[in-house]
Structures are given as C-alpha cells and as structure tokens.
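Look through the sequence and the model first, then read the points below.

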Amino acid sequence: MGFISVELWGKTAELYFPLLEKGLAVCITGELVHQRWVSVDGKKMQKFLISAQTLAISDPKFRAVA
C-alpha cells in the first residue's frame, strides 16, 4: 500500500495540522489532481494528489489529546 499527498487549506488545515501524521488512516472527500511539469534538468515529472474539501480521522488507534 502506498501513500498519496493531500492538500488541505484554510481553517480545516489549521484544525487538523497538529493531529495528522504520516500513516494515520483518514477519510477524505475532494478532487484527485494530476500535476505535470518539467524539472530544471529537463525531465518530465508528474504526481497525483488529493485537493481535500473534507477530512475525518478514521484510525481506530487515534486518540485526540484534550
């Protein structure tokens, strides 16, 4: 299983930033974005990411600190 980058902006990003870490299971609603570019050395590059609209932590091991 691999990982995919997620973009999260605004108040939602501010709220979740201190809680999220790599490998944490989350449910995301958003748009899959395919980015393409040419690197400085001329190589064609690409990646996929999710531009998130909503996010919920679904990891059963997650415990928020109050």
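Is V6 buried, partly exposed or exposed? With a relative accessible area of 35%, V6 is partly exposed, because that value falls between the 20% under which a residue is buried and the 50% over which it is exposed. The model is a predicted one.

**Surface patch**

- V6 belongs to strand 1, which covers residues 5–7.
- Together with I4, L32 and F48, V6 forms a nonpolar patch on the surface.
- The accessible area of these four residues together is about 360 Å².

**Largest pocket**

- The largest pocket holds about 520 Å³ of space.
- Two or more residues of its lining come from each of these elements: strand 1, helix 1, strand 2 (26–38) and strand 3 (44–57).
- The lining consists of 20 residues, and those nearest the centre of the pocket are I4, V6, L24, V26 and I28.
- V26 counts as partly exposed, because its relative accessibility is 30%, between the limits of 20% and 50%.

**Salt bridge**

- The structure holds 1 salt bridge.
- Side chains of opposite charge can pair when their charged atoms come close.
- Here the partners are K11 and E14, whose side chains meet at 4.0 Å from N to O.
- K11 and E14 are 3 residues apart in helix 1 (residues 10–16), so about one helical turn separates them.
- Both K11 and E14 are exposed.

**Pairs set apart along the chain**

- V26 and A56 are 30 residues apart along the chain, and their C-alpha atoms are separated by 5.6 Å.
- T29 is another residue of strand 2, and it counts as partly exposed because its relative accessibility is 44%.
- Between T29 and L55, 26 residues apart along the chain, the C-alpha separation is 6.5 Å.
- T12 is found in helix 1 and is partly exposed, with a relative accessible area of 28%.
- T12 and A52 stand 40 residues apart in sequence, with 9.6 Å between their C-alpha atoms.
- R36 has its place in strand 2, and it counts as exposed because its relative accessibility is 65%, which is over the 50% limit.
- R36 and A13 are 23 residues apart along the chain, and 25 Å lies between their C-alpha atoms.

Key
Residues are numbered from 1 along each chain as its sequence is written. This is a predicted model: local features need pLDDT of at least 70, side-chain atom pairs count only at pLDDT 80 or more; totals for chains, interfaces and linings use all residues. Side-chain values use heavy atoms; hydrogens and water are left out. Patches are made of residues with over 30% relative accessible area and no salt bridge: like charges are joined within 9 Å, nonpolar side chains (Val, Leu, Ile, Met, Phe, Trp, Tyr) within 5 Å. Accessible areas come from the Shrake-Rupley method with a 1.4 Å probe; for residues, only the protein chains shown count as cover. Helices (H or I, at least four residues) and strands (E, at least two) are DSSP runs, numbered from the N terminus. Buried means under 20% relative accessible area, exposed over 50%, partly exposed in between (1.4 Å probe, protein chains only). On a 1 Å grid over the protein atoms alone, a cavity is a set of points where a 1.4 Å probe fits but cannot get out, and a pocket is an open set with protein on both sides within 12 Å along at least five of seven lines; lining residues have an atom within 4 Å of a point. Grid points are joined across faces, edges and corners, and a volume is the space filled by probe spheres set on the points.
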